[in-house]
Amino acid sequence: MKLSTRVLLSVIIGLVLLTVLFVSFHTVFLGLIVDYWWYSSLDYQGYFWLRTFYKYLIPGGVTLCFLFIFFSNFWIASRFIGINTPQSDNNQNNFLSPSKQLIKKFQTGSLAVYFPLSLIMSVIVALPFHYHWEKAILYFFAPSAGISDPMFNFDISFYMFSLPIYQLIQIQLFGITLFLFIAVAFLYWLEHRVFEKLQSYPKGVKIHLGIMAILLGIYVVLGFLLERFNLVFNDNHEPVFFGPGFVEVSYQIPMIWMSIFAFLLMASSLAFLYFSHGKKGRKRSAVLSIIFLLTLGLKNTDFIPGLIDQFIVQPNPVSTEKTFMRYNTEATLAAYALDNIKTVDFKPTLTPLDDLLSWEGEKNLDNVPLWDRGLLKDVYFQLQGLRPYYSFLKVSEDRYLINDTLKQVNLSAREINTSRLPQAAQNWENIHLRYTHGFGAVMTPAAQIGGQPQQWFLRDLELSSPVDISIKNPEIFYGLENYSYAIEPNDLEIAGITGNKIESTGNSSVNTRGIPIHSLFHKLLFSIYFRDERIFFSVNVSTDSRMKIHRNIIKRIDQLAPYLYLDSDPYLVISNGNLYWIQDAYTLSNQYPISRRSIARFKSYGKEQAVSFNYIRNSVKILVNAYTGKTDFYIADPDDPIVKAYDRAYPGFFKSLTELPPSLNQHLRYPRDMFYQQMHIYKSYHQAAPDLFYQQAETWGFPELESKQLKPYYLTTAFHDCDNKQQFVLLTLMTPVNLDNLSAFATAGTLDTEKCNETYKPTITLYKVKKDIQLNGPVQISALIDQDPVISEQLTLWGQHGSTVVRGRMILLPVGNTVLYLQPIYLISTKTEIPELARVIVANGNEMVMHKSATEAFKQLQVKLGATSALIYPELDKKPAKSISFPTSMP
């Protein structure tokens, strides 16, 4: 080879290697290095290495297994190819016939041909395991759930963790074994029958093919056995019930066993025929093959199941499907954590005045959430934005102890949004070094008096508070905005805000969290990672600077734990002078046997998507410090087998909820998305008796006002337990399907009502209205408000004076054995577009009052009800207010 040719070849090889290294560095190693630095900054470096290890070990191990299977079979085949071909020396190889040369290539090509081919095929076959390695983790670390399914008496964990893996393995093994069997048999046939013209195969060939045929038979039988378990996810009986029924148990399962039996008979006959060289058992094999195919056809046909359903099931639906409907209701209630609901028979009183007089009205009405979150966000932005680059993305609802009284409040973080800066100010230095964080929060009481200026518990950039709420670290580096990376601290001279005073400061923050930028190497790698050379050349980025990335808390949590499904309502908490975000997270599965499936949208694995599930738990509470970015994961449901498996796989990553500081523990709440999904199921599954479940005569629905469904809302009130201690609960209303009267209302809270302490114990209580009593629902109350001449006249008058009248959500407030409805009225001026709380309507039955103050409206309603009661029940003596005993709890 000429020197110039060698040099050119060396240059080409060098360029190829450099290209490979460059691409590998950019696509794999650079991201891996930055991720490791980020995980280390959060003290999660051990968790990082474990996830990386699992991510590559599982698909890598599966690839090696399949590589061994492919290569060993090809290698064995190569030992039997050309065994009858005369050996020739190297000088004679060039004079072999084309067929002999092909045989030689197959015989000697184990490394040159079979290894690359086996590697490519093993990578392709192992791809599903690359995408489902998280499922493999659950399989290896899954605990026993301690609950068995009623059909096959297998532990629930078998269906949730093992069955998906077994099915995936069975499909892959059957596929590759069938492919290998065909490929190897073709090689043998090609050599022994086409090229060598031999009449019989060597003994080793028969053994090899026989073993592969036996493995194929095993995988087929395994497929039939696994098929039985799919029946617990049968949806043929929807919308009546979910899961297997009479047809599946009496026909499908026996047909599966008959298919296995017929297949084994056919396989045995074919094996006998094979080893007898086709001389004995041909007719028997043909007959058994036909029987197997007929059995397979009968198993998969809909004709016979249709006849059974038409002539046996449909004439007797309850008696034939009773057991299976009970299986479905019990499994569904357990899967959605609805099997321990506390039920209270709610019988409305005919004399509501007694309840109203004995009720601590002022105390409880001070916590009625009169402000709608959507409108309040506009108020916050107009009155407390204060700078064009500040925004309020979400209004949180919570309760705080203010002046020794539990108060329900609304609060929102004042976050930074650099897209609101003037175009000339939207440059690299401003976005990444100067405007890097929001500042403080605002807080208002949930209940206010209409027609008066907004009352504030926390306001302005001074963070002034008349109720002594203080924040020592008001900077918000991590929040809900779509934040880019920030470099803090830096050497930029920044006009910083301290109170209402603007001063020039060198380092704008003492926040030490983030990835240290200790050297030029760090600056260089970050410049390459973000494809921004200004990071490297900026003189304002010092060795004390830290890179803050993943600053949106949703993306931050998803980066750390993508396998958790996130609630759509993270909320802000002020505790011990710090701002925190609390994010509820769920574990979901669609593999809970005989449980009805739902579809809802959740954020997980980097995107919001519709998820099908039939098991849900609020297993994790996530705490993110808005200032430092420190992120902690607390197990809220230690009985959940999914979070148990992750806790075993990642020891030390999850913490016990008992480790959460008490000042934060008292701000935990029942998540809204979870409660909505539970009640969506319970509105039909509360009819647990099979005959009632089949009739669906008492199915409920969620009421709608102005074509909008009434969603659950947070309410702080007393429920006559724990010494009338006020509780922060979610409340939702339910009405009969296609009717508007109230059937039930449910509350969900976290207070342990047995011990009456602050121990976190999620509980749902259902208040079920007696069926023989009519109680107005929110739609009926809304219609009565429209018919009230005084109220409707006032609303019309406001609308004629240049204001938009907005009626807020309908709020049900339980008062002993009476229910009050409250509806706020807002006015939005066409000039300022700032919503204003104008009035509050308080209603009971057919009586209603509108006033600026909910307390005054309540008092006027008492007077009105007293007058009405005297007219309707003149025989009733005027008795002093009596104490009310709460309805007896039902198991």
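Me: How do helix α12 and helix α22 cross, and how far apart are their axes?

Reply: Two packed helices are described by the angle between their axes and the distance between those axes. Here, the axes of α12 (residues 317-335) and α22 (residues 672-685) come within 11 Å and cross at roughly 155 degrees. That makes α12 roughly antiparallel to α22 (angles under 35 degrees count as roughly parallel, over 145 as roughly antiparallel, 65 to 115 as roughly perpendicular and the rest as oblique). The axes are lines fitted to C-alpha atoms, for helices over the stretch in contact, with angles running from 0 to 180 degrees between N-to-C directions. Helices are DSSP runs (H or I, at least four residues), as are strands (E, at least two), numbered from the N terminus. Bear in mind that this is a predicted model: local features need pLDDT of at least 70, side-chain atom pairs count only at pLDDT 80 or more, and totals for chains, interfaces and linings use all residues. Residues are numbered from 1 along each chain as its sequence is written, and side-chain values use heavy atoms, leaving out hydrogens and water.

Me: Which hand does the crossing of α12 and α22 have, and which residues make the contact?

Reply: α12 passes α22 in a left-handed crossing (the near helix is turned anticlockwise from the far one by less than a right angle; clockwise would be right-handed). On the α12 side, Asn 328, Thr 329, Thr 332 and Leu 333 make the contact, and they meet Ile 681, Tyr 682 and Tyr 685 of α22 (contact means heavy atoms within 4.5 Å). By class, that contact has four nonpolar, three polar and no charged residues. Nonpolar covers Ala, Val, Leu, Ile, Met, Phe, Trp, Tyr, Cys and Pro, charged covers Asp, Glu, Lys and Arg, and the others, Gly among them, are polar.

Me: What about α9 and α11, at what angle do they pack?

Reply: α9 (residues 246-275) and α11 (residues 303-313) pack at about 140 degrees, with axes 10 Å apart. They are therefore oblique to each other, and the crossing is right-handed. Among the residues in contact are Phe 246 and Tyr 251 of α9, and Ile 304 and Ile 308 of α11. The classes here are eight nonpolar, one polar and one charged.

Me: And how are α6 and α20 set against each other?

Reply: α6 (residues 133-141) and α20 (residues 641-649) have axes 9 Å apart and an angle of about 90 degrees, so they are roughly perpendicular. Their contact includes Ile 137 and Phe 141 of α6, plus Tyr 646 and Arg 648 of α20. It divides into seven nonpolar, no polar and two charged residues.
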